[in-house]
Amino acid sequence: MDFAIILTTVSAAEEGRSIANTLVEKQLAACVNIIPKISSVYRWEGQIQSETEVLLLIKTTKDLEAEVYREVQAVHSYDTPELITLPITNGSETYLGWLNAAVREK
């Protein structure tokens, strides 16, 4: 089984909690960490922007990646939400076993 962490940012903690709850309830993610008050600097529509955002770390399987992307895009408030997948190349057997058991099979 291949595991992954998907990153996305949102504008507010409430939106982050809503997305996290949806992903866990639908068994698309085993866990979502919500990291508040990160500072983001980026270019949008030709202008440099600086915003405070909330970072979500979505723990899932590679098999569910496309479904996680679709779910996040369907409910996200941004026109172009960040969706970046990082592979989990190693982890404790007990944690990865729990992660695998907490998500549904594709």
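Biologist: Why is Q27 called partly exposed?

Modeller: The model is a predicted one. In it, Q27 has a relative accessible area of 36%. Buried requires a value under 20%, and exposed requires one over 50%. The value for Q27 lies in between, so the residue is called partly exposed.

Biologist: Where is Q27 placed, and what is noted about its phi?

Modeller: Q27 belongs to the loop between α1 and β2. Its phi is positive, at about 55 degrees, although Q27 is not a glycine.

Biologist: What makes E45 count as exposed?

Modeller: The relative accessibility of E45 is 68%. The cut-off for exposed is over 50%, therefore E45 counts as exposed.

Biologist: Which residues of α1 are buried?

Modeller: The buried residues are E15, G16, I19, A20, T22 and L23.

Biologist: How do you know on which side or sides of α1 they lie?

Modeller: Around the helix axis they cover an arc of only 165 degrees, which puts them on the same side of α1. The face turned away from this buried side carries the exposed residues E14 and E25. The buried residues pack against β1, β2, β3 and α2.

Biologist: Why is E15 called buried?

Modeller: E15, which lies in helix α1, has a relative accessible area of 14%.

Biologist: What does E15 touch, leaving aside residues up to four places away in sequence?

Modeller: E15 touches V10, V75, H76 and S77. The C-alpha atoms of E15 and H76 are 7.9 Å apart, although 61 residues separate the two along the chain.

Biologist: What makes β2 and β4 the edge strands of the sheet?

Modeller: The open sheet has four strands in the order β2-β3-β1-β4, with antiparallel pairing. β2 (31-44) and β4 (84-88) each pair on one side only. From one strand to the next, the twist averages 30 degrees.

Biologist: How do you know that β1 and β3 are paired?

Modeller: Eight bridges join these antiparallel strands. Pairing needs at least two bridges, so β1 and β3 count as paired. For V10, the bridge partner in β3 is V54.

Biologist: How many residues form the largest nonpolar core, and which have the most contacts inside it?

Modeller: That core has 20 residues, and those with the most contacts inside it are I19, L23, V32, L56, I58, V68 and V72. β1, α1, β3, α2 and α3 each supply at least two residues of the core. Leaving aside residues up to four places away in sequence, V72 touches T8, I19, L23, I58 and L83.

Note on methods: Residues are numbered from 1 along each chain as its sequence is written. This is a predicted model: local features need pLDDT of at least 70, side-chain atom pairs count only at pLDDT 80 or more; totals for chains, interfaces and linings use all residues. Side-chain values use heavy atoms; hydrogens and water are left out. A nonpolar core is a set of buried Ala, Val, Leu, Ile, Met, Phe, Trp, Tyr and Cys residues joined through side-chain atoms within 4.5 Å. Buried means under 20% relative accessible area, exposed over 50%, partly exposed in between (1.4 Å probe, protein chains only). Contact means heavy atoms within 4.5 Å. Axes are lines fitted to C-alpha atoms, for helices over the stretch in contact, and angles run from 0 to 180 degrees between N-to-C directions. The arc is that of the directions from the helix axis to the C-beta atoms.
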